[in-house]
Amino acid sequence: MQMKPYEYAVKARQLAIDVNSSLWAQAEHAAMGKRDGIENWLEIMVAESGRAESTIYEWVKVVEFKDSLLEFRLTQRYNRLTFSHWTALCHASERGLSAETVLKLLHHVDDTKPRVTVEALRIMIADEFKDPNLPESIRIRKSIIGMSAKLSSMMLEPSLPQDWREHIEAAQRELAPIV
């Protein structure tokens, strides 16, 4: 029996939660191994996760970034953001995005319903680094990518009326060649 769109959305959401939870668990375990000085922690994580050393180091860096913000500046309410959201913010911080701007983006991402996608967050981050000499066509394309990401997020909303879904799907098909 074929799933209904709502059932499909519920299953997709659960799979995304499972993937995100697993990634956080692995990353936090790697960070704990490093922090606690576990002998051969990196080699163990590489062997057990099947991931490269650079990936394990990346996981640890993101956990340390999040922990530093939570410890000194934030409350736990930002824990609902995905690992990928935090990775994007960590990379932006490394590229020189100020702590105040990171906090502003965190507030925006956390307060927006439906949740801001990682792709849309990356566009917001890019806008913070916006080069005034960037060609207008690239700025417009980035904006369209953001709109497409927002439409994808809206499709996960179970209360979205079916006729609206059809219009959003049509809009996504029209945007696909640009995105």
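## Cores and salt bridges in a predicted model

Trp-86, Leu-89, Leu-106 and Leu-121 touch the most other members of the largest nonpolar core, which has 33 residues. A nonpolar core here is a set of buried Ala, Val, Leu, Ile, Met, Phe, Trp, Tyr and Cys residues joined through side-chain atoms within 4.5 Å. Buried means under 20% relative accessible area, exposed means over 50%, and partly exposed lies in between (1.4 Å probe, protein chains only). The model is predicted: local features need pLDDT of at least 70, side-chain atom pairs count only at pLDDT 80 or more, and totals for chains, interfaces and linings use all residues. Residues are numbered from 1 along each chain as its sequence is written, and side-chain values use heavy atoms, with hydrogens and water left out.

**Nonpolar cores**

- Helices are DSSP runs (H or I, at least four residues), numbered from the N terminus.
- Helix α3 gives the most to this core, with seven residues.
- Another core lies apart from the largest one. This other core has six residues, including Ile-144, Leu-151, Met-155 and Leu-160.

**Salt bridges between helices**

- The count is five salt bridges. Each one is a side-chain nitrogen of Lys or Arg within 4 Å of a carboxyl oxygen of Asp or Glu.
- Lys-34 pairs with Glu-64, with 3.3 Å between the closest N and O atoms. Lys-34 is in helix α1 and Glu-64 in helix α3, so the bridge ties together parts 30 residues apart in sequence.
- Lys-34 is partly exposed at 39% relative accessibility. Glu-64 is also partly exposed, at 38%.
- Glu-128 and Lys-104 form a salt bridge at 2.8 Å, N to O. Glu-128 sits in helix α6 and Lys-104 in helix α5, and the pair links distant parts of the chain, 24 residues apart.
- Glu-128 is partly exposed at 34%, and Lys-104 is partly exposed at 45%.

**Other salt bridges**

- Arg-35 bridges to Asp-36, with the closest N and O atoms 3.3 Å apart.
- Arg-35 counts as exposed at 59% relative accessibility, whereas Asp-36 counts as partly exposed at 46%.
- Glu-58, Lys-61 and Glu-94 are joined in a network of salt bridges.

**Lys-150**

- Lys-150 lies in helix α7 (residues 136-155).
- Lys-150 is partly exposed, because its relative accessible area is 34%.

Note on methods: Helix = DSSP H or I, 4+ residues; strand = E, 2+ residues; numbered from the N terminus.
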